[in-house]
Amino acid sequence: MVSIAPPHPISNELVLTESRTMRAQTIERTDALDKVKALVTLPDSFHVTTEMVATYYEVPSSTIDTLVSSNFEELAQNGRRVLQGAELTAFATPFGGVANLGLSPKARSLAVFNRKAVLNVGQLLTKSEVARQVRTFLLDTEAEKTPRIPASFSEALELAAAQARELEQAQAALAEAAPKIEAHDNLIQYGANRTVGEVAKELSTPERNIMVSELRRLIVHEWKWAFVKTRECGSTQYNPYAHKTDYLALGEEKYPHETRPDCWHATMRITPKGREAIRRKLDRENAPQALPLRSVAPAPSVDEISTMIRRGA
């Protein structure tokens, strides 16, 4: 009698490649990328190119292209997009043009991925050891959140009491640490960068309230750190000049319109170096002006004194 071996079981981490529901459930855990391997990004710290994604997962770029073709809608939903025309120009300008992004000066399009889209690739990519490690991390973290099921009524009561105590302690600790948590969240999401409104509030004093419009005017029109561009949807987009990307950065945020669901707007943020430069400029502009020196007439000569006496001066 010939025995038939049972089929080889599917690895647990492959659950993510088969289930879009599971992928959606873990897509926010972009910290998994850094837990497995450092992700190199473009200078804006938010986006990566197809080649960078391929390098991270240690596969050919053609493998990423094939994956995108098969999962185009899902990857687009999670942050992959193709920049073309004016949008590509606006994106590349802070970096000094498309040539500094590794493209030909005549390039007409560029596919970019945000961190969620990069993670999405790892959820789907089967021919990569790095992707397998990312999926394993995601599922292990998800398993830690699975609640324990009590075996008896008395155990359920004990578990409920313990959870109530933990909840009370957690709420007390959260209330005490709320300001620090908010600051930490901002640091994780945006680094140490701040919006123009936040910086205006930060630099205002009882003697002088710095208006957001005033600070934006200085940055754009007087100091020439950024330029204004009107998007196709009619909204205003502020972009830093290439030589001021150490002062200003674009934060990746998507603001969909009812008529333009895929319209992206990047918020201009001010880096710590930029805030320090603004503070120095404002200090110089607000410094009291020195009074002009009065000219002192030379002492009169003997002849001039004699003449003054004769005239009765």
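This is a predicted model: local features need pLDDT of at least 70, side-chain atom pairs count only at pLDDT 80 or more; totals for chains, interfaces and linings use all residues.
Visitor: Why is Arg81 called buried?

Guide: Buried means under 20% relative accessible area, with exposed over 50% and partly exposed in between, using a 1.4 Å probe and protein chains only. Arg81 has a relative accessible area of 13%, so Arg81 counts as buried. Residues are numbered from 1 along each chain as its sequence is written, and side-chain values use heavy atoms, leaving out hydrogens and water.

Visitor: Why is Phe113 called buried?

Guide: The relative accessible area of Phe113 is 1%, so Phe113 falls under the 20% limit. Contact means heavy atoms within 4.5 Å, and Phe113 touches residues including Phe46, Thr49, Val53 and Val121. Thr49 is 64 residues away from Phe113 in sequence, yet their C-alpha atoms are 6.3 Å apart in space.

Visitor: How do you know that β1 and β3 pair?

Guide: Strands (E, at least two residues) and helices (H or I, at least four) are DSSP runs, numbered from the N terminus. Two strands pair if DSSP finds at least two bridges between them; β1 and β3 have 2 bridges, so they pair, in the antiparallel sense. Thr49 has Val112 in β3 as its bridge partner. The open sheet has 3 strands in the order β1-β3-β2.

Visitor: Which residues have the most contacts inside the largest nonpolar core?

Guide: Among them are Val53, Ile64, Phe113 and Val121, in a core of 28 residues. A nonpolar core is a set of buried Ala, Val, Leu, Ile, Met, Phe, Trp, Tyr and Cys residues joined through side-chain atoms within 4.5 Å. A second, separate core of 20 residues includes Trp225 and Tyr247.

Visitor: How confident is the predictor in the chain?

Guide: pLDDT is the predictor's confidence in each residue, from 0 to 100. The chain averages 78, while helix α10 has the lowest mean, 63, and helix α8 the highest, 95.

Key:
Lists of a residue's contacts leave out its neighbours within four places in sequence.
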